[in-house]
Amino acid sequence: SAPRMVLSVPGYDLLPMLASRCHILLKNLRKPAEKGYKIPSGFLFNYITCANYFAEIWGWIFFTLGTQTLAAGLFTAAGAYQMAEWARGKHRRLVKVSGSWGRRCHSFTAACHA
């Protein structure tokens, strides 16, 4: 229906651009010869540990809302589950590295830590 498409198409168009911005920030964390772990910051990373997963998952949620197919829903659910698991692991690691990181959300959920 038209209202469904009016809501889902802009979200599906915008969120991959946000994910690309996140991937560029991650790519530019270290200089080519630099070693070691760097904590991402800026843009959505100031609020969400795995901002790239956030944008990716929500992009697929909007796609699923637009298509309303079982295949899209299953793909989105499986991908969201996997990325949420990765995000929880990365969040735990970042909390160990930087105590201040623990006040950010770990993925697409509202599961933020105080």
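**Notebook: helix packing in a predicted model**

I first looked up burial: 29% of the 114 residues in the protein are buried (under 20% relative accessible area, 1.4 Å probe, protein chains only). I note that this is a predicted model, in which local features need pLDDT of at least 70, side-chain atom pairs count only at pLDDT 80 or more, and totals for chains, interfaces and linings use all residues. Residues are numbered from 1 along each chain as its sequence is written, and side-chain values use heavy atoms, without hydrogens and water.

I then listed the secondary structure and found three helices and zero strands (DSSP runs, H or I of at least four residues for helices, E of at least two for strands, numbered from the N terminus). The order from the N terminus is α-α-α.

Next I examined helix α3, residues 70–97, whose 28 residues reach 40 Å from first C-alpha to last, close to the 40 Å expected at 1.5 Å a residue (1.5 Å times one less than the number of residues). Its buried residues are A72, T76, A80, M83, A84, A87, H91 and L94, and they pack against α2 (51–67).

I turned to α1 (residues 2–27) and α2, whose axes come within 8 Å and cross at roughly 160 degrees (lines fitted to C-alpha atoms over the stretch in contact; angles run from 0 to 180 degrees between N-to-C directions). The two helices are therefore roughly antiparallel (over 145 degrees). Contacting residues (heavy atoms within 4.5 Å) include L15 and L18 of α1 and W58 and F62 of α2.

Methods: Buried means under 20% relative accessible area, exposed over 50%, partly exposed in between (1.4 Å probe, protein chains only). Angles under 35 degrees count as roughly parallel, over 145 as roughly antiparallel, 65 to 115 as roughly perpendicular and the rest as oblique.
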